[in-house]
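Visitor: I am new to this one. Could you show it to me and explain how the descriptions are reached?
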Amino acid sequence: MSAPRSAASRLLANRVFLVTCLVATNVAMLVLAVLLISIFWQGWDTLSWKFITSFASRKPTDAGIMAPLMGSVWVCSICGLVALPLGVGTAVFLEEFAKKTRFTRVVQTNIMNLAGVPSIVYGILGLTAFARMFGAFGTNVEEAITLGNEDSLLFLRLPFGSSVLAGGLTLMLVILPVVIISTQEALRAVPGSLRAGAFALGATRWQTVWGITLPAAIPGIMTGAILSMSRAIGESAPLLVLGGLLLVFNTPENLMSDFAILPLQIYNWAGRPQDAFHEIAASAIIVQLAVLLLFNGIAVFIRQKLQKPLQ
Amino acid sequence: MKNTLTFATKLASMGLLAGATAMLLAAAPQDMKALKGAIKVDGSSTVYPITEAIAEEFNKVASKVRVTVGISGTGGGFKRFCAGEIDISDASRPIKKSESDGAGKAGVEFVELPVAYDGLTIVVNPKNTWCTALTVDQIKKIYSASGGIKSWKDIDPTWPDKAIKVYSPGTDSGTFDYFKEVTVGKDGSIRSDMSVSEDDNVLVRGVSGDEGAIGFFGCAYYFENKDKVKAVAIDGGKGAVAVSVESIENGSYAPFSRPLFIYVNKKSAERAEVDAFVDFYLKNAAALVGEVGYVKLPEAIYAKVGKNWDDRRTGTQFSDAEGKAVAGSLADIYK
């Protein structure tokens, strides 16, 4: 212990700390504000309903983002719908059911490491596992095994090729470790006394998890979901490896449809020589932000609906 | 509205007419409406704007054909093309011997079709009044690792003793590859103390803000930024030639104009929709490439391209029997 200090010096230290924190917060907010303002200033004028509902064009005034917008929505929806149940299930198993054995420790270490793998590596994995299926069904798309009518919603094809399903599953690989780890953290934060109470009343493990632990952990799980979905929607590298497209003249109709994605379209427009393309790139960023907010809004809604107070 | 106007003026200043689009729409035959199927294109992001423009117009006349275009890069595109995954590969350089060997092994035959020129522009800051023309040797000296150029005075003793700042596109890009080949050659090495960016817009900004700067990039970026950077005329041995649409097209702007290609899978070309798409591509390339910032090939070359396409002439004309790349201009090599 250091020598007792005067009240004045302790108050000074307190104030210095407060100011440091304030500066840190404001710097982050300022950078964000500058970014947002410059994007809105550049892209607001060219943002219109026509821009959202048109397909690609060589003329910046005619170009729109219908195909990449719907592609991103499809891919991210598939990604979220698969990653959340899988990730939460894995975390519940590891935290609530599995005994701490060598096996679970290996799994745990692997998940931790996977969270740090560059996303392009998942792209290569997705290409091999989902798009080409290890060549088990031949390499040519014409030789693929098909199930159902090509025009119907339930059309399936093996291997998946560069389809929205393969894209969604690849992004699922990218975010799965984050979903698992954040869910585990959320489950660990639920007081042990709640579980003990449930067991004391004769509840099974399943009843405890479903009725007590999971509802209490929902806020943490959904925060993880928001963070990982935000990452998924901005990822372009893994989908580029998968053979992600830039130019498509139709929106996805089923799980086997070709797709374009927003980040790739933004990157391409921003790199064009013409200034007018840079402006619509900014408009596309605004749309992407809106889609991101929409996805996060859904997560917040689920959190509000499912959350149960601890008392 | 203001932006639309400035863009339109830019187009007009590049010598383009709005009527071009209307003309090519009228030329489309009626039976294209009935065509169905899918055409997969992938490859160079440099060639992408051309293919995008063609596909956009093609989609208007043959709306049931699904044309999809990716941007895996020239190398990535060839990888998929040689495996038979795609019908057409966009390429900003000719196919390499190793790549065409791979295609042969997989049983893929291809037709090689040049579609446009891309001119490399060497640019300096507008405040640079002394440097208006450079010989190819001088450019080689500036960019080579062994040249040891630190100041403008090192290039020409009559120029001011001002530090030179060298800008270059990313070393993975086709633009860089081409520049390296015509300056220091395949085995030479480019200096490492350059400011490098994958985004040519960053190079434009860099050169425009630095009086001692020199850089190079595709001519489309120069045409859009004539007010911010100054192009240097190139002396390839026959006197200095300034970069322009005309000098690139007639071949006098040498050696810094490179051809851009599409490669078509011969087996895919048997499908009516692919056949129609490539026909459409070659017929409209001359009218559309200028609109997206590139330069059309001379009539004589388009005629050869059209004939090779009709004959389905396979193989590359850019590497010899031993697999070595053939050097020279497109007009000399392409038969």
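Visitor: What makes the radius of gyration of chain B agree with that of a compact globule?
Guide: Welcome! Keep in mind that this is a predicted model. For 335 residues, a compact globule would have a radius of gyration near 20 Å, and chain B has 21 Å, so the two agree. Along the principal axes, the C-alpha trace of chain B spans about 65 × 55 × 30 Å.

Visitor: What is the angle at which H3(B) and H11(B) pack?
Guide: Helix H3 (residues 48-61) and helix H11 (residues 272-288) of chain B pack at about 115°, and their axes are 10 Å apart. H3(B) passes H11(B) in a right-handed crossing. On the H3(B) side the contact is made by B:Ile50, B:Ala53, B:Ile54, B:Glu57 and B:Phe58; on the H11(B) side, by B:Phe277, B:Phe280, B:Tyr281, B:Asn284 and B:Leu288. These residues divide into 8 nonpolar, 1 polar and 1 charged.

Visitor: Why do E5 and E11 of chain B stand at the edges of their sheet?
Guide: Look at the order of this open sheet of 3 strands in chain B, E5-E10-E11, which has mixed pairing. Strand E5 (133-135) and strand E11 (240-241) each have a single partner strand, so one side of each is left without a neighbour in the sheet.

Visitor: How do you know that E5(B) and E10 of chain B are paired?
Guide: Pairing needs at least two bridges, and 3 bridges join E5(B) to strand E10 (residues 233-235) of chain B, so the two strands count as paired. They run parallel, and the bridge partner of B:Thr135 in E10(B) is B:Asp235. Helix H6 (residues 136-143) of chain B lies across E5 and E10, running at about 85° to E5(B).

Visitor: How many residues does each chain give to the contact?
Guide: The contact takes 22 residues from chain A and 30 residues from chain B. On the side of chain A that touches chain B, strand E3 (245-247) and H11 each supply at least two residues, and E3(A) gives the most, with 3 residues. By class, that side has 9 nonpolar, 10 polar and 3 charged residues.

Visitor: What makes E3(A) and E2 of chain B a pair?
Guide: Again the cut-off is at least two bridges. E3(A) and strand E2 (residues 65-70) of chain B have 2 bridges, so they pair, in the antiparallel sense. In E2(B), the bridge partner of A:Leu247 is B:Val69.

Key. Residues are numbered from 1 along each chain as its sequence is written. Chains are lettered from A and ligands numbered from 1 in the order in which they are written. This is a predicted model: local features need pLDDT of at least 70, side-chain atom pairs count only at pLDDT 80 or more; totals for chains, interfaces and linings use all residues. Helices (H or I, at least four residues) and strands (E, at least two) are DSSP runs, numbered from the N terminus. Two residues are in contact if their C-beta atoms, placed from the backbone, lie within 7 Å. Axes are lines fitted to C-alpha atoms, for helices over the stretch in contact, and angles run from 0 to 180 degrees between N-to-C directions. The radius of gyration is taken over C-alpha atoms; the globule rule is 2.2 Å times the number of residues to the power 0.38. Ala, Val, Leu, Ile, Met, Phe, Trp, Tyr, Cys and Pro count as nonpolar, Asp, Glu, Lys and Arg as charged, and the others, Gly among them, as polar. A crossing is left-handed if the near helix is turned anticlockwise from the far one by less than a right angle, and right-handed if clockwise.
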